[in-house]
Amino acid sequence: MKSHVFFDLDNTLWDFKANSRDTLTELYAYFRLNTIIPDAELFIEFYEGFNAACWAAYQRNEMRKDFLRHQRFFLTLAHFGFKNRTLAKKLGAEYVARSPLKTKLLPHAMEVVERLHAEFPLHIITNGFQEVQSVKLRESGLAPYFKEIITSEKAGHKKPSPRIFQLALKRSGAAAEQSWMVGDDYQADALGGWQSGLRSIWLEPTAETSSHPEIQKVACLSEVPKIILG
Ligand SMILES: [Mg+2]
């Protein structure tokens with residue numbers, strides 16, 4: 001049976017951090033947030049902290065998507081003494097409209113995808129939101145290289161649940177032992193994929209997390225093809 005390669009999207013191929021920061025810088029100017037927060041760097045720093053906390057709650061199924069979208073901005077504004085749900089909702093809507101249109105990719109993402117696409121069917125497994133992820137793939141030029149796009153929203157389960165990996169394998173007609181999972185999140189991607197029987201590559205490993213010896217660690221996407229191609 002043919003090998004298949006499954007990629008995570010955010011911070012694995014699509015440069016979420018850079019694209020998000022570009023969007024937040026635009027929003028700071030567009031909404032004239034300088035009247036509330038002294039500079040854009042501070043806005044971004046506190047937003048990223050509150051966003052991470054909201055996402056962690058979402059991953060634990062303790063926060064709903066629609067609330068998360070404005071709550072992360074509400075908490076940021078509130079930190080600077082401006083508790084304004086209306087403005088937070090406007091920021092949340094504008095962020096979701098603008099950020100997926102950004103097109104920065106991780107270093108070597110396009111060449112790695114092109115190289116592997118010549119040999120294997122490629123697919124995406126993402127915990128990101130359905131309507132947002134499809135826009136990112138289209139706008140960044142990645143879409144033509146991927147067959148199946150499996151989002152946790154459609155699957156009804158988030159990585160690292162084996163259910164989303166099983167669905168991805170079934171939809172793509174792939175066998176777990178012939179397949180690879182490549183992603184930047186240890187729990188969701190690297191361990192999740194490995195526990196579901198795929199071979200697993202962890203991108204940009206963090207020193208503080210000790211990983212399973214069978215999970216391959218790479219500092220850069222450019223190392224991925226030679227591991228998979230052998
Ligand atoms: Mg990721």
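Buried residues make up 40% of the 230 residues in the chain. The model is a predicted one. Its secondary structure comes to 10 helices and six strands.

**Overall build**

The C-alpha trace spans about 60 × 35 × 35 Å along its principal axes. A compact globule of 230 residues would have a radius of gyration near 17 Å, and the chain, at 18 Å, agrees with that. Of the contacts with a separation of 6 or more, 59% are between residues 24 or more positions apart.

In soluble globular proteins, nonpolar side chains tend to be buried together. In this chain the largest nonpolar core has 37 residues, and Phe-7, Leu-13 and Val-182 have the most contacts inside it. Two or more residues of this core come from each of these elements: the strands E1 (4-7), E2 (122-126), E4 (179-183) and E5 (199-203), and the helices H5 (109-117), H8 (162-172) and H9 (186-195). Apart from this core lies another, of 14 residues, which includes Leu-33, Tyr-47, Leu-77 and Leu-91.

Which residues does Leu-13 touch, not counting those up to four places away in sequence? They are Phe-7, Leu-105, Leu-106, Ala-109, Val-113 and Leu-142.

**The loop between E1 and H1**

Thr-12 is found in the loop between E1 and helix H1 (16-30). Thr-12 counts as buried because 24 other C-beta atoms lie within 10 Å, and the cut-off for buried is 20 or more. Not counting residues up to four places away in sequence, Thr-12 touches Phe-7, Leu-106, Val-182, Gly-183, Asp-184 and Leu-203.

Asn-11 is partly exposed, with 19 other C-beta atoms within 10 Å. Its phi is near 65°, a positive value in a residue other than glycine.

**Helices H2 and H3**

The axes of helix H2 (residues 40-59) and helix H3 (residues 65-79) come within 9 Å and cross at roughly 145°. This crossing is right-handed. On the H2 side the contact is made by Phe-43, Phe-46, Tyr-47, Phe-50, Asn-51, Cys-54 and Tyr-58. On the H3 side it is made by Lys-65, Leu-68, Gln-71, Arg-72, Leu-75, Thr-76 and His-79. Sorted by type, the residues of the contact are eight nonpolar, four polar and two charged.

Is Ala-52 buried or exposed? Ala-52 lies in helix H2 and counts as exposed, with 11 C-beta neighbours inside 10 Å. Trp-55 also has its place in helix H2. Trp-55 is partly exposed, with 14 other C-beta atoms within 10 Å.

The loop between H2 and H3 holds Asn-61. Asn-61 is exposed, with 8 other C-beta atoms within 10 Å. Although Asn-61 is not a glycine, it has a positive phi of about 60°.

**Two further loops**

Gly-128 lies in the loop between E2 and helix H6 (130-140). With 19 other C-beta atoms within 10 Å, Gly-128 is partly exposed. Leaving aside neighbours within four places in sequence, Gly-128 is in contact with Leu-9, Asp-10, Gln-133 and Thr-151.

Which residues does a cis peptide bond join? The bond is between Lys-159 and Pro-160, and omega is about 10°. Pro-160 lies in the loop between helix H7 (152-155) and H8.

**Distances across the chain**

The table lists pairs of residues with their separation in sequence and the distance between their C-alpha atoms.

| Pair | Apart in sequence | C-alpha to C-alpha |
|---|---|---|
| Ala-52 and Thr-151 | 99 residues | 19 Å |
| Trp-55 and Gly-92 | 37 residues | 14 Å |
| Gly-128 and Tyr-145 | 17 residues | 19 Å |

Key:
Residues are numbered from 1 along each chain as its sequence is written. This is a predicted model: local features need pLDDT of at least 70, side-chain atom pairs count only at pLDDT 80 or more; totals for chains, interfaces and linings use all residues. Helices (H or I, at least four residues) and strands (E, at least two) are DSSP runs, numbered from the N terminus. The radius of gyration is taken over C-alpha atoms; the globule rule is 2.2 Å times the number of residues to the power 0.38. A residue is buried if 20 or more other C-beta atoms lie within 10 Å of its own, exposed if 12 or fewer, and partly exposed in between; C-beta atoms are placed from the backbone. Two residues are in contact if their C-beta atoms, placed from the backbone, lie within 7 Å. A nonpolar core is a set of buried Ala, Val, Leu, Ile, Met, Phe, Trp, Tyr and Cys residues joined through C-beta atoms within 7 Å. Axes are lines fitted to C-alpha atoms, for helices over the stretch in contact, and angles run from 0 to 180 degrees between N-to-C directions. A crossing is left-handed if the near helix is turned anticlockwise from the far one by less than a right angle, and right-handed if clockwise. Ala, Val, Leu, Ile, Met, Phe, Trp, Tyr, Cys and Pro count as nonpolar, Asp, Glu, Lys and Arg as charged, and the others, Gly among them, as polar.
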